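This briefing walks through the fold of one protein chain, from its overall layout to individual residues. Please keep the structure in view while reading.

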Amino acid sequence: MPAPLDPQLLEILACPSEDHAPLRTEGDELVCTSCGRAYPLVDGIPVLLLDEARVPGSSEAGLPGGSEAGLPGGSEAGLPDDPAPASR
Ligand SMILES: [Zn+2]
């Protein structure tokens, strides 16, 4: 069990998001009381980075907004029936 975060430190910490809301400890994470983002504690040091935050309600995979990756019919994606006449 790691040492709990210093309550005085916790008091001055705030969510790096727009809400700047106070944080509460939850397990080994700091959870924003407003937006609910969870920030990891690494070796007792809170990592208050939006990039590192776990956003509630989003996919657990941690892919940041990757909804464009799976578009079918890309122009270069290796169409199977390419009748390119090889000239040799
Ligand atoms: Zn927040």
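This is a predicted model: local features need pLDDT of at least 70, side-chain atom pairs count only at pLDDT 80 or more; totals for chains, interfaces and linings use all residues.

Of the 88 residues of the chain, 8% count as buried, and residues 24 or more positions apart account for 18% of the contacts with a separation of 6 or more.

- The four strands form an open sheet in the order 1-2-3-4, with antiparallel pairing. Strand 1 and strand 4 stand at the edges with a single partner strand each, so one side of each has no neighbour in the sheet.
- Strand 1, residues 23-26, pairs with strand 2 in the antiparallel sense over four bridges, and within this pairing leucine 23 stands opposite cysteine 32 of strand 2.
- Strand 2, residues 29-32, runs antiparallel to strand 3, residues 38-42, and three bridges join the two; here leucine 30 is placed opposite tyrosine 39 of strand 3.
- Strand 3 is joined in turn to strand 4, residues 45-46, by two bridges, again in an antiparallel arrangement, with leucine 41 opposite proline 46 of strand 4.

**The hairpins**

- The hairpin of strand 1 and strand 2 has two residues between the strands, and glycine 27 in this hairpin takes a positive phi near 65 degrees.
- Five residues lie between the strands in the hairpin of strand 2 and strand 3, where glycine 36 has a positive phi near 80 degrees.
- Strand 3 and strand 4 form a hairpin with two residues between them, and the turn contains aspartate 43, whose phi is positive at about 55 degrees.

- Most residues other than glycine have a negative phi, which is the background for the next two points.
- Aspartate 43, a residue other than glycine, has a positive phi near 55 degrees. Aspartate 43 lies in the loop between strand 3 and strand 4 and is exposed, because 6 other C-beta atoms lie within 10 Å, where a residue counts as exposed at 12 or fewer.
- Histidine 20 also is not a glycine, and its phi is positive at about 50 degrees. Histidine 20 is located in the loop between helix 1 (7-12) and strand 1, and with 10 other C-beta atoms within 10 Å it is exposed.

**The nonpolar core and its members**

- The largest nonpolar core consists of six residues, namely Cys15, Leu23, Leu30, Cys32, Tyr39 and Ala53.
- Leucine 30, one of these core residues, is in strand 2 and is buried, because 24 other C-beta atoms lie within 10 Å, where the cut-off for a buried residue is 20 or more.
- Leaving out residues up to four places away in sequence, leucine 30 touches Leu13, Leu23, Thr25, Tyr39, Leu41 and Pro46. Leucine 13 is 17 residues from leucine 30 along the chain, and the C-alpha atoms of the two are separated by 9.7 Å.
- Cysteine 32, also listed in the core, is in contact with Cys15, Ser17, Asp19, Ala21, Leu23 and Arg37 when its neighbours within four places in sequence are left aside.

**Glutamate 29 in strand 2**

- What is the burial state of glutamate 29: buried, exposed or partly exposed? Glutamate 29, which is found in strand 2, is partly exposed, with 17 other C-beta atoms within 10 Å; that count falls between the exposed limit of 12 or fewer and the buried limit of 20 or more.
- Setting aside neighbours within four places in sequence, glutamate 29 is in contact with Ala38, Tyr39, Pro40 and Leu41. Proline 40 is eleven residues from glutamate 29 in sequence, and the two are 4.6 Å apart in space from C-alpha to C-alpha.

Conventions: Residues are numbered from 1 along each chain as its sequence is written. Two strands pair if DSSP finds at least two bridges between them. A nonpolar core is a set of buried Ala, Val, Leu, Ile, Met, Phe, Trp, Tyr and Cys residues joined through C-beta atoms within 7 Å. Two residues are in contact if their C-beta atoms, placed from the backbone, lie within 7 Å.
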